[in-house]
Amino acid sequence: MANEMGQISPSDFAQLQKYMEYSTQKVSDVLKLFEDGEMAEYLQGDAIGYEGFQQFLKVYLEVDNVPNHLSLALFQSFKTGHYSEDTVKNDVVCLSDVSCYFSLLEGGRPEDKLEFTFKLYDTDRNGILDSSEVDRIIIQMMRVAEYLDWDVSELRPILQEMMKEIDYDGSGSVSLAEWLRAGATTVPLLVLLGLEMTLKDNGQHMWRPKRFPRPVYCNLCESSIGLGKQGLSCNLCKYVVHDQCAMKALPCEVSTYAKSRKDIGVQSHVWVRGGCESGRCDRCQRKIRIYHSLVGLHCVWCHLEIHDDCLQTMGHECDCGLLRDHILPPSSIYPSVLASGQERKINKTTQKTTDDFTLSTFEALRIDPVSNTHPLLVFVNPKSGGKQGERVLWKFQYLLNPRQVFNLLKDGPEPGLRFFRDVPGYRILVCGGDGTVGWILETIDKANLPVVPPVAVLPLGTGNDLARCLRWGGGYEGQNLGKILKDLEMSKVVHMDRWSVEVIPQQTEEKSDPVPFQIINNYFSIGVDASIAHRFHIMREKYPEKFNSRMKNKLWYFEFATSESIFSTCKRLEESLTVEICGKPLDLSNLSLEGIAVLNIPSTHGGSNLWGDTKKPHGDTHGINQALGATAKVITDPDILKTCVPDLSDKRLEVVGLEGAIEMGQIYTKLKNAGHRLAKCSEITFHTTKTLPMQIDGEPWMQTPCTIKITHKNQMPMLVGPPPRSSNFFGFLC
């Protein structure tokens, strides 16, 4: 066996990454053992032999027996020349090279990985890649492409042309600067060299346990799983098996992207036996007799269900069915190296080397969506809503292309935003609570996207105040996701205001809690409601098992509100703070307040409308605020405030005074209409003289004396659901 330096096989590399995924060790921990620990005996200067290398792998990967072929391949990847199993055991490799390599795989920056691979292939160490070294790179890229199931017959001339394009100055060789420039802009070198394996469609099913409420038959052995018994169902193709049949199951037939130029642009049906839940053929409209669930076929992309006999009457092309507006079919996603040379040149002139945010394996794939569609980028927080978040993740992986659906607990929102960055007309669906939505909006803010996409919300949290105001409901309870996606097609864009919060503490001996956010999306408050929220937050952190349902949360909130009404910890709040709106003092002298709330949306604490209802006048429902003066920065006149309607996009905040916990409870239970309307304004400043409870978007903290400035930051496009059949008390959305 011969193995050139840096040319570990893609399958070996994939196996190595699996070991690393489950290991808890760090390179630094293992190096300490070599420097002054139990493995110092294997160190020969700065080198280790094969036996020492095996010990390194054993400790680092936490595996007792690393497969011999893998350890041999890895060992030789740090050497030049050829080897045999007999002679390699007498050789040594540099420990610093080994540690550098694994450190980069642990979480190195893309540019560091690029520099390391350049040095691996620069075998004569002259600082450039000559034609022979470039040829070795192309050979490795071909091996990786074959492993990824790409059509290699058309790939070699493309790779040769691509490597020529990397030689920007036309010198006939590639310098380190040219290599870094290409890898950071237009050429996914790390993927093509096998250092990133996120593109592998490996035929593995995405199993999840499932109990079946109707008779279901195993796709492998074709015997019954049993009514109410648990089996395994694939999220991608709905292939169903007994637990014991999973290891023998046929490979998953779902490919998530096109691997050949001939597959780009036109999507074909992908038929899988069984899974015909509707029981009716979409072709002939006759019943599919599902006494045996393996009768019939369903397409994993358009979700059509047909008789076996109707297959020959079906066309080859798949239009992705009722959800075509949201789906990115595999034919719309393809390796960027398959783009024409002209397209790559255009990209080269338009893209610039940027920070780590844009250096991504997702640049290895290009998206060319079906015309007149709006591909959906889905972010799911699996921990939101108990187990609902996980179930929603599974369902969207089937309804859409899995490459559109991102688990926020794995990688956060950045990979999805990078992948969709240049996709025209795409939309975002955030599945989670208000905190998850705020996280996504903040990440979008920092991403510097060419076009900011509109955002919809599937509410999985506890309060879900923003989702309520945008007509997506107070909480997802297992409704049909296909219907929700159809509602999303009919949604409209509203530009929601977002506000910056600056907290300037005074010099005191007391210590404040950390301020949770610097941005307000929903509301800010000081006093009684923040005190209740703070006690709720502390108890939930201490006993999370007691806060595992919306109903329990409401009961706890009611209990804390009751005790707050007894102790009145924020009594005479107006004596502990002053308020300025747009530079003018707000007169609180005639009021006895225990709280002040600043509202961007008319919903707090899971549906409480502190501003209260405003009767809509006859005629133009959107002319209310204009009649008050669209340019008016401050409104404090009580008579005018009675007619003001909250508006997500008017660049003004509503300020409400709260008299106490009893009033909060009355508003919460709808026994009272609202708090005391104090003002509408475009800027507000608080000066506090003692430690007070505060909260931003439901996240509370205790704040020492300070100055708080709230100013308009920007607007974010949000999607508003279609109007409900019944009237909505949020007048500005009706």
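Reader: How enclosed is E23?
Author: Five of the five residues of E23 are buried, so the rest of the structure largely encloses this strand. Buried means under 20% relative accessible area, with exposed over 50% and partly exposed in between (1.4 Å probe, protein chains only). Strands (E, at least two residues) and helices (H or I, at least four) are DSSP runs, numbered from the N terminus.

Reader: What should I know about where this comes from?
Author: It's a predicted model, where local features need pLDDT of at least 70, side-chain atom pairs count only at pLDDT 80 or more, and totals for chains, interfaces and linings use all residues. Residues are numbered from 1 along each chain as its sequence is written, and side-chain values use heavy atoms, leaving out hydrogens and water.

Reader: Back to E23, which residues sit on each side?
Author: Gly-595, Ala-597 and Leu-599 are on one side, Ile-596 and Val-598 on the other, and all are buried.

Reader: And which strands does E23 pair with?
Author: E23 pairs antiparallel with E20 over five bridges, and five bridges also join E23 to E25, again antiparallel. Pairing takes at least two DSSP bridges between two strands. Gly-527 stands opposite Gly-595, while Ile-596 has Gly-657 in E25 as its bridge partner.

Reader: New topic: is Asn-600 buried or exposed?
Author: Buried, with a relative accessible area of 1%. Asn-600 lies in the loop between E23 and helix H20 (624-629).

Reader: What does the Asn-600 side chain reach?
Author: The backbone oxygen of Asp-497, at 2.8 Å.

Notes:
Polar contact = N/O pair within 3.5 Å; in protein donor to acceptor, adjacent residues only side chain to side chain.
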